[in-house]
Structures are given as structure tokens and as C-alpha cells.
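Q: I'm new to this one. Could you take a close look at the aromatic pairs and walk me through what surrounds them?

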Amino acid sequence: MSSGAARPLWRKAAIAAIVAAPVAIFVTDNIVSLQMISGRSMQPALNPDSNRLWKDVVLVDRMVQGEMAPRRLHRGDVVTLVSPSNPDLLLVKRIIAMPHDCVIPLGKPNSFVRVPKGHCWVEGDESFHSGDSSSFGPVSLALIRGRALTPIWPPSRFGASLAGLPEWKKSRVYPNGSYPLTEL
Amino acid sequence: MSRFAQFGPKLRQYGASSARMFLYCAIPTACFIHTVFDYAGEITPSYGPSMLPTLNMAGDMLMIERLPGWRKRLRVGDLVAFTTPYDPGRRAVKRLLAEAGDTVCVDPKSKHPAFVLVPKGHVWLQGDNYNNSTDSRVYGPIPLGLLHGRVTWCVWPSPRRISNGADILPGRFSDS
């Protein structure tokens, strides 16, 4: 290859791909990524129609990992997290309670759990089909990998907001151990 | 001129200014280094007395490996780096003493030792310096999702291989 001739297109494309790959990996791990949702535990917010041929895809904000988690996450956020029982499994659940809150667990209405420092209580919106904090207790905020912002597929629900605690869960959450959320 | 020496003038030929040229090189390089750290391994300093005498109190540079499949290669006795469950911004290094399904006797010398069954997907981590270590005796079993990598070498100041320190004795545990 002489220095004066133009590079063939495939070489330019190969170099561009090699240069762009680490940037793409960095962006998808640390800034924003897409996640396909399978399962029914977040109905009706995500995957509302189980008979559909496709699964919902959400835009995930990845800038909530590590030390940014306590500051940037709030009650009502839908998050992706690594399952405490299986490190290869990624769950999508909603944060019901943040550190120092008291939660009345599902199925044990006469008891409550105080969420420890650095942990949170996650539940699927559709609790019947959900393996969440009702089974494995509070999860460390360090297990959270991202916050779901909005579904981008199907296009009919593009831009819908996912945040906000469902009304029927608010009575079981006592922020900082004080009055339940329904009374605030 | 060699091919690399032509790199600069060629970019300027395409109208790139010096600042843009720098960014086109620096950003992919930084992302490449970050990807290597996340998927292959990194060298990181450690401090704290909880792993004496294995690791010094300060100044040790540890090589942490996380090549794909590293979680399956973890064995009892390995040193692992993990994120502390109570403070997501903080990382620690401890020794893996028990895997999922094992039962741990916490403090055998106390009058009423506690026994903890390590649940599925969790491990028991404990510092070598039992007197001054915040570990699974305080946190409880730690989920595998918090683990960050396996410490294989201490590269500075005294290069040494961090070997698996487990001495597994056969026989049934008996409290008689």
C-alpha cells in the first residue's frame, strides 16, 4: 500500500470499528444502555400484554452504579439489579423503600423490616409472579446496575414515564420509620 | 516517511485541529483502558489492617483479575475484591472462607458459637486479621453480584503471588 493511495473502504470501516468498540462498551456499561424485559413481574408497567410476540425494550440509565446509587435513586424508580441468588441473572424491579425506611413485607402484615444502611427494598409491580425482596429481603444498593427511564419499544408507549410508587404499595412503606407514604 | 510519521500530517489534511486530533486519540484510548480494567484485570492499591499479615497496612498494589468465567474459578481460600454491602462506594479485599451451601461457625471460641448457612448465590468473606476486620461476621453472607475480582498478585513493593491460603482438613465438625 503506497502512502499516496486512498485506503480501501473495508480497511477504513475496520479501523473505525476497532476504535469505536471500546467507546461503545464504555457507554453501554456506564452511561446509557438498552435492556429487553422478559417476564411478567412488572406488569402493567412493562410487558403488559404477555401474548405479544415481542418483549419490551427500555432505555436504562447506567449512571446510578456504585457510590452514585444512594444519591440518584429514589423510591418508585424501576431499576435493573443483579439477583442476590444468582449473579448471572438481571432482575427488573421497582424500589419500594430506601435505607432506613420500614416496610411491611407482603404475606407478613403484622411485622415490619427496617431497611439497613446502603440497602433497598425492591418489588415487582405484579407481586404474584415476582421473585423480589419479599423472598430475599433487602438488597444492597451496590447490586443495582441501572435505572429504567422509559420504554422505547413498542413505539406506542415510547416516552412513558416509569417512575412513581403504585398507590396500593404506599401504605406498606414508612419512610424513615415515620408515617406511611399514603398519609404524607 | 514511515506510516506512523504520516499520521499527523494526514489528519491535518482532513482538516482536524490539534484539539480534535487529541480527543480522537484520547477518548478511545481511555475507553479501551477502562474496558480492559472491567473485563480483564487491574492493578489497585489497598490499605487497612484487616488483611494483615497477608497484605500490608498501606502501599500494596494488588493485581485483580476478572477474566470471563472468574466467578466459576473461585475457590475457598482465594482473596477476592468486592463492594461493601453497606456502602456502595467502598471496596474491600477479604478471603473467601465458605461458598453457598456451607455452614460457617462464627467465632468457635465463644461460649455459644453461631452457625450460619450461606445461602445460594452468596459467599462468606473474612479478613485474615480477625481482631480488626469488618467482614461477613458483621455483614452476613455476601451476594456474588458484589464481588469484583480475584486478587492474584501483589505487584509492589514486594512482588509476590497471592496464593490460595485454604487448608481444608477432612473430618466431620463435632462440638463435643
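A: Searching the whole structure, a predicted model, turns up 2 aromatic pairs over all chains. To count as a pair, rings of Phe, Tyr or Trp (its six-membered ring) need their centres within 6.5 Å; planes under 30 degrees apart are called stacked, over 60 edge-to-face, and the rest tilted. Take Phe82(B) and Tyr139(B): their ring centres sit 6.4 Å apart with planes at 75°, so this pair is edge-to-face. It ties together distant parts of the chain, since Phe82(B) belongs to strand 3 (residues 79–83) of chain B and Tyr139(B) to helix 3 (residues 136–139) of chain B, 57 residues apart. Helices (H or I, at least four residues) and strands (E, at least two) are DSSP runs, numbered from the N terminus.

How covered are these two? Phe82(B) has 0% relative accessibility, so it counts as buried. Tyr139(B) comes in at 17%, which also makes it buried. Buried here means under 20% relative accessible area, exposed over 50%, and partly exposed in between (1.4 Å probe, protein chains only).

Chain B has 3 helices and 10 strands, and along the sequence they run α-α-β-β-β-β-β-β-β-α-β-β-β. It has 176 residues, and 38% of them count as buried. Among contacts in chain B with a separation of 6 or more (contact meaning heavy atoms within 4.5 Å), 52% are between residues 24 or more positions apart.

Chain B also splits into domain 1 (2–38) and domain 2 (41–163), with bounds from an automatic or database domain assignment. Their centres, taken over C-alpha atoms, are 40 Å apart.

As for records, an unreviewed UniProt entry puts "domain: Peptidase S26" on residues 29–107 and 118–156 of chain B; positions follow the numbering used here, feature names are shortened, and such annotations may be inferred rather than shown by experiment. Residues 29–107 of chain B are 14% helix and 41% strand, while residues 118–156 of chain B are 10% helix and 44% strand.

A bit of bookkeeping: residues are numbered from 1 along each chain as its sequence is written, and chains are lettered from A and ligands numbered from 1 in the order written. Local features need pLDDT of at least 70, side-chain atom pairs count only at pLDDT 80 or more, totals for chains, interfaces and linings use all residues, and side-chain values use heavy atoms, leaving out hydrogens and water.
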